[in-house]
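Subject: Structure handover and what was found in it

Dear colleague,

I am passing on the structure that we discussed, with the sequence and the coordinates placed just below.

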Amino acid sequence: MKIGILGGTFDPPHIGHLNISLEAIKKFHLNKVIWLITKKNPLKKSFSLVEVNTRIELCKKIIKKNNNKIKVRYIEEETGSNFLLDNINHIIKKSPDHDYYFIMGADSFVNFNKWKKYDEILKKVSLIIINRPEFSMKSLNSIAAKKLEKYKSLDFNLKHNEHRWYFLS
């Protein structure tokens, strides 16, 4: 099974989250996408003004017509962490036989090198970077893009023994 993970605060959730999830499902033939909600972005100082339970309910409303392909999850109470690596390790431990893809915007990839053990993340999941026009050049020239250059792939259908990162424009 091929599973995408779209992580974030979803503050607020919007149609763009749905659209990039559906695009990833289509282009990568994903069986489903998990919206992995975090209470707080570890790279930001401020907390969300909207409670996490409210954001979860708002996400469920947005995916209502697509809830057979998109699921909403909040697992930080199980993992005790809001770091992506800790949470994907938890997901993979529960279902290790699947192929996982982390979906992120090009704006997030610009600062991916600041994420906790970002290079370890690519050992666990492949990355799908969704272009945001104002960030395409910054993301493709980012520290992470340069350090992870050998893992970049242009072929969405190629089976790799290693995890890859893909840039969707």
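The model is a predicted one, in which local features need pLDDT of at least 70 and side-chain atom pairs count only at pLDDT 80 or more, whereas totals for chains, interfaces and linings use all residues. Residues are numbered from 1 along each chain as its sequence is written, and side-chain values use heavy atoms, with hydrogens and water left out.

Salt bridges

K60 and E57 both lie in helix 2, three residues apart, which is about one turn of the helix; helices (H or I, at least four residues) and strands (E, at least two) are DSSP runs, numbered from the N terminus. An α-helix has 3.6 residues a turn, so residues three or four places apart point the same way. K60 is partly exposed, with a relative accessible area of 40%, and E57 also counts as partly exposed, at 43%. Here buried means under 20% relative accessible area, exposed means over 50%, and partly exposed lies in between (1.4 Å probe, protein chains only).

K123 and E120 form another such pair, with a salt bridge of 3.2 Å from N to O, and both of them lie in helix 6, three residues apart. K123 counts as exposed at 56% relative accessibility, while E120 is partly exposed at 28%.

Which parts of the chain does the salt bridge between R132 and D107 link? R132 and D107 have their closest N and O atoms 2.8 Å apart, and the pair links distant parts of the chain, with R132 in the loop between strand 5 and helix 7 (136-140) and D107 in helix 5 (residues 106-110), 25 residues apart. R132 is partly exposed at 37% relative accessibility, as is D107 at 25%. D107, R132 and E134 are linked in a network of salt bridges, and the structure holds seven salt bridges.

The sheet and its helices

The protein chain has eight helices and six strands. The six strands form an open sheet in the order 3-2-1-4-5-6, with parallel pairing; two strands pair if DSSP finds at least two bridges between them. The edge strands are strand 3 (70-73) and strand 6 (165-168), each of which pairs on one side only. From one strand to the next the twist averages 25°, with axes taken as lines fitted to C-alpha atoms (for helices over the stretch in contact) and angles running from 0 to 180 degrees between N-to-C directions.

Strand 5 (residues 126-130) is joined to strand 6 by four bridges, and the two run parallel; within this pairing, I130 stands opposite L168. Helix 2 (residues 52-62) packs on the sheet, touching strand 2 and strand 3, and its direction makes about 160° with that of strand 2.

The buried interior

Is strand 6 covered on one face or on both? Both faces are covered, with W165 and F167 on one side and Y166 and L168 on the other, and these four are all buried.

The largest nonpolar core has 28 residues, and those with the most contacts inside it are F109, F112, I121, L127 and W165. A nonpolar core is a set of buried Ala, Val, Leu, Ile, Met, Phe, Trp, Tyr and Cys residues joined through side-chain atoms within 4.5 Å. Leaving aside its neighbours within four places in sequence, F112 is in contact (heavy atoms within 4.5 Å) with M104, Y118, I121, L127, A144 and L148. A second, separate core of 24 residues includes V33, W35, I63 and Y166.

In helix 4 (residues 84-94), the buried residues include L84, L85, I88 and I91, and what covers the buried residues of this helix includes strand 1, strand 2 and helix 6 (118-124).

The chain as a whole

Of the 169 residues of the protein chain, 43% count as buried. Along its principal axes the C-alpha trace spans about 40 × 35 × 30 Å.

With best wishes

Key
Salt bridge = Lys/Arg side-chain N within 4 Å of Asp/Glu carboxyl O.
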